[in-house]
Amino acid sequence: VAQVATDLRLSMLRAMLASRWDYFLHRQLGQLTNSMSIEAVRAANAYLHGATLISQLIQALVYVIIATLLMWQAALFSILMGALIYVALNRLVKMSRKAGKRQTSFTKLMIARLADTLLSVKPLKSMGREGLVDTVLVSETKNINRALRREVVSTEFLAAGQEILFALVLVIGIYVTLVKWELPIATVMVLGFLLSRILKRTGQVQRSYQKMAVSESAYWSIQKTISKAEQAREDTGGNRTPTLEQGIELQDVSFSYKDKQILEGINISIPAGSFTAIIGPSGSGKTTTLDLIIGLLQPDSGTLLVDGIPLSELDMHRWRRTIGYVPQETVLLHDSVLNNVALGDPEISEADVISALREAGAWDFVEKLPEGIHDLVGERGGKLSGGQRQRIKIARALVHRPRLLIMDEATSALDPKSETAICETLSKLRGAHTILAISHQPAMLDAAERAYRLQEGRALLVKDDAG
Ligand code: ADP
Ligand code: MG
């Protein structure tokens, strides 16, 4: 049972992580946590009840064989009675299955909503609107309550109903054998014992089947999640090794989300070792352009070349291993500064982490934390300011000595002084690294040697120090 839960969890996790970015992006966080926790346990439970059912069937069979050896009529009678009771109470099993299905779907909804709301609870609380969370979650909670109640009612009714019917059958059996057929009392006692055993086992089989029916839907739900994620498996690309010695070239690249055109044939060239900036108003497709370069998204038309090799021919995993990425959103792991930078990579030493923190301009404040790099950053980095979190994430990208450093508005949460410090760091890093930064701030534009402006689906070269 433990193995079933673990296998389901791991297959789901792996399928999800290997899925295409656009697929993954549209999964609800809560649905994944729900599958990993609640559904995996319920699915394993279904397996437990299935296995129990088989062992009970075998036991019932043994008693039937013994009864047959003694008196085949008695065995036949027991089987018939067992089957009759089974059919009579089958409605309760159906009811349980339905209750289980409802629990599966309502729990999924509730956890998904819960996760979404908890992620945005600060604005809700600040505006005194936390009551809204209540309204949203209360209806799902009530639905789950109703389904649970039906489950309890149907399982208890089945147990009680079986009890009464067994007693009735036993009394009739004893009466017939003792009074009508006038069998010796010793034989009647033995037959009565076997009859009660057989009925008890068949009853247990039905109850196990009922319990399996309750949890079964969780198994199918998690299987569905896994198979859908597997169908959306990401293309691992070709087998050519990325080098990035000449540069990255976007040639006439177009991209749209569904029918919303974002990029209309942009041309961008990023020479290796350069510091290139992309600027543009919010929503102009800057992050989208980065996602295309990283290979998270595929262009509708046009080509992306790395040293003249189409991105689609590169080994995608190796390509991404050369990238250091600093995202726009500021969320950290609930862990130490050290682990937030090294991300558990055993090849990275504490000294590497410290030097990356220095480069990112984070060492000054990390050093002052009570436990230094071993200090916990708090839930999602809540103990640090936005700028501090951002610097830790820059260190995280730098610690791998990436060939291509990508920054998505990574300095927008910083004060001008820290920003200048980071821009200086970046200027020092260029040459050995290729730097691609998105920014609104003039400091970044000043520090970069090349800059493109994205606007209305087009990219315009607005700065080129090389001439
Ligand atoms: P920027 O980073 O320049 O602010 P983005 O590249 O993030 O802009 O987004 C460009 C446009 O594409 C925006 O209008 C945004 O609403 C839309 N967009 C971004 N991601 C998606 C998505 N996954 N599905 C649909 N539309 C999206
Ligand atoms: Mg963006």
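The model is predicted.

**Ligand 1**

The shell around ligand 1 includes Leu25, Tyr257, Lys260 and Ile262. Pro281, Ser282, Gly283, Ser284, Gly285, Lys286, Thr287 and Thr288 also surround ligand 1. By class, this shell has 4 nonpolar, 6 polar and 2 charged residues.

| Residue | Distance to a ligand 1 oxygen atom |
|---|---|
| Gly283 | 2.7 Å |
| Ser284 | 3.3 Å |
| Gly285 | 3.1 Å |

On its own, ligand 1 has 560 Å² of accessible area, and the protein covers 69% of that. Strand E2 (260-271) and helix H8 (286-294) are the elements that give two or more residues to the shell. H8 gives the largest share, 3 residues.

**The sheet**

An open sheet has 6 strands in the order E6-E7-E8-E3-E9-E10. Its pairing is mixed. Strand E6 (323-326) and strand E10 (458-464) are the edge strands, and each pairs on one side only. Neighbouring strands are turned by 15° against each other on average, direction ignored.

Strand E3 (residues 275-279) and strand E9 (residues 450-455) run parallel and are joined by 4 bridges. Thr276 stands opposite Arg450 in E9.

**Helices across the sheet**

Helix H13 (residues 386-398) lies across E6 and strand E7 (404-408). H13 runs at about 170° to E6. Helix H14 (residues 416-429) lies across E3, E7 and strand E8 (434-438). H14 runs at about 155° to E7.

Key:
Residues are numbered from 1 along each chain as its sequence is written. Chains are lettered from A and ligands numbered from 1 in the order in which they are written. This is a predicted model: local features need pLDDT of at least 70, side-chain atom pairs count only at pLDDT 80 or more; totals for chains, interfaces and linings use all residues. Side-chain values use heavy atoms; hydrogens and water are left out. A residue is near a molecule or strand if one of its heavy atoms lies within 4 Å of it. A polar contact is a pair of N or O atoms within 3.5 Å; within protein, one must be able to donate a hydrogen and the other to accept it, and residues adjacent in sequence count only if both atoms are side-chain atoms. Accessible areas come from the Shrake-Rupley method with a 1.4 Å probe; for residues, only the protein chains shown count as cover. Ala, Val, Leu, Ile, Met, Phe, Trp, Tyr, Cys and Pro count as nonpolar, Asp, Glu, Lys and Arg as charged, and the others, Gly among them, as polar. Two strands pair if DSSP finds at least two bridges between them. Axes are lines fitted to C-alpha atoms, for helices over the stretch in contact, and angles run from 0 to 180 degrees between N-to-C directions. Contact means heavy atoms within 4.5 Å.
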